[in-house]
Amino acid sequence: MQAASSAGSAARNRWLILGLAIIAMICVANLQYGWTLFVNPLNAANGWKKSAIQSAFAVFVLAETWIVPFNGWFADRFGPKPMVALAGILIAIGWIIDAHASSIGTLVLGELISGLGTGFVYGTMVGIAVKWFPDRRGLAVGLTAAGFGAGAALTVIPIKNMIASSGYAQAFQTFGIVQGVIVFIIAFFLAFPRPGEVAAVPADNLAATRMRKNSYSWTQMLLTPSFWLLYVMMVMIATGLLFVTAQVAPMAKDYGVASILSVTLLVDNLTNGGSRIVFGALSDRIGREVTMAIAFTCEALGLLGLIFAAHNPILFMLCAALTFLASGEIYSLFPAACTDIFGPKYATTNAGLLYTAKGTASLVVPIAALIYASSGSYAGILGVLVAFNVIVAGLAVAVLKPMRERAVATEAPVASAA
């Protein structure tokens, strides 16, 4: 009996569950961050315009982000297993369809299906992090998001090599099936904590002093100015990250630095993932808002450098890496900030609604590609993204921080006890 109890306890060890969540995130990472490798081969093989190909990517991001709130609502009530198991199936089907797409419409369908699967994984794993780690929320969400940000670093070179040797269709199909199967298996080992299973955060812990005690439902949250400020800020930053994510390979070709693309993609994915851990852990110490200001100022410098990186492979690689380093942290800081302001009970649903900001931002990617196609220059687009980062850095410390402090300080004792 004691052995069985020990086994059950081990199976619900929060670090083990977090580790499985990170592996699942790694398995869906290249569905987004490996996409850039397929743009030029799809264009060459089918004659489709790059702007049309990127519209399929926009559909992927929209599906991935806008399904997350519904997935969060379902997972909050029925647990993580059903949605993640379904995700594994959808991930495999989506990339198999991409492999055999004979039209842009079919490619869009494949990206829609794989986007839904990725959203099921992403939303559920963020929920696992914020629920199991109230004492280290920034770090836990950062580690989970890092799996999504850096996971593609494990596969970008194998995918690039398979595309070169066997074609993009074989790469789509092989990696889609393998990743889908792994996610499907992981689903059956995931769980949210039971009531009382996670120790309460001590009152003097920094996380406790920054977080609201009474939780807001998603309907209550949508009526607050704090949520919409967070949403607009995330849209502005995600726009830059998604644009560079989708365009880094075409940009390298247009800039004449394609020889360094493989190394650039590897470094970008490592910095993108690493930033979520580093900035997430830092935010547990100095606060989400100050960390945001530091990161977004750095991203502004990276985007500014990309304007001048044509025919300079080292500058291109360094500035792209700085952009990913400073922007990837939105996926750890914004969910953590959302839970700070609106409480932990409905964290999966609430963070999922905030995550749709990424989908809103994705609408800019094909528009930006069209602007480049007509102007022949990235300078105007990158200049706007620089301005976005400077504005959001200021909003974080001048507006969001006071809002969050007032919300926590004026919380009613009765609500806190509840």
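A disulfide would need the two sulfur atoms to be within 2.5 Å. This is a predicted model, and it holds 0 disulfides. C298, in turn, takes part in no disulfide, with the sulfur of C319 as its nearest cysteine sulfur at 12 Å.

How do the surroundings of these cysteines look? C319 is buried, with a relative accessible area of 9%.

## Salt bridges across the chain

How many salt bridges does a search of the whole structure find? The search turns up 5.

One of them joins K358 and E64, whose closest N and O atoms are 2.9 Å apart. This pair ties together distant parts of the chain: K358 sits in helix α18 (residues 347–362) and E64 in helix α4 (residues 50–66), 294 residues apart. K358 is buried, with a relative accessible area of 0%, and E64 is buried too, also at 0%.

Next come E289 and R404, whose side chains meet in a salt bridge with an N to O distance of 3.1 Å. Here again the link runs between distant parts of the chain, from E289 in helix α15 (residues 288–307) to R404 in helix α20 (residues 379–409), 115 residues apart. Both E289 and R404 are buried.

E405 forms a salt bridge with K401, and their closest N and O atoms are 2.7 Å apart. Both residues lie in helix α20, 4 residues apart, which is about one turn of the helix.

Are these two partners buried or partly exposed? E405 is partly exposed, with a relative accessible area of 35%. K401 is partly exposed as well, at 25%.

Finally, look for D284, R288 and D340: salt bridges that share partners join these residues into one network.

Conventions: Residues numbered from 1 in each chain as written. Predicted model: local features only at pLDDT ≥ 70, side-chain atom pairs only at ≥ 80, totals over all residues. Heavy atoms only, no water. Buried < 20%, exposed > 50% of the residue type's maximum accessible area, 1.4 Å probe, protein only. Salt bridge = Lys/Arg side-chain N within 4 Å of Asp/Glu carboxyl O. Helix = DSSP H or I, 4+ residues; strand = E, 2+ residues; numbered from the N terminus.
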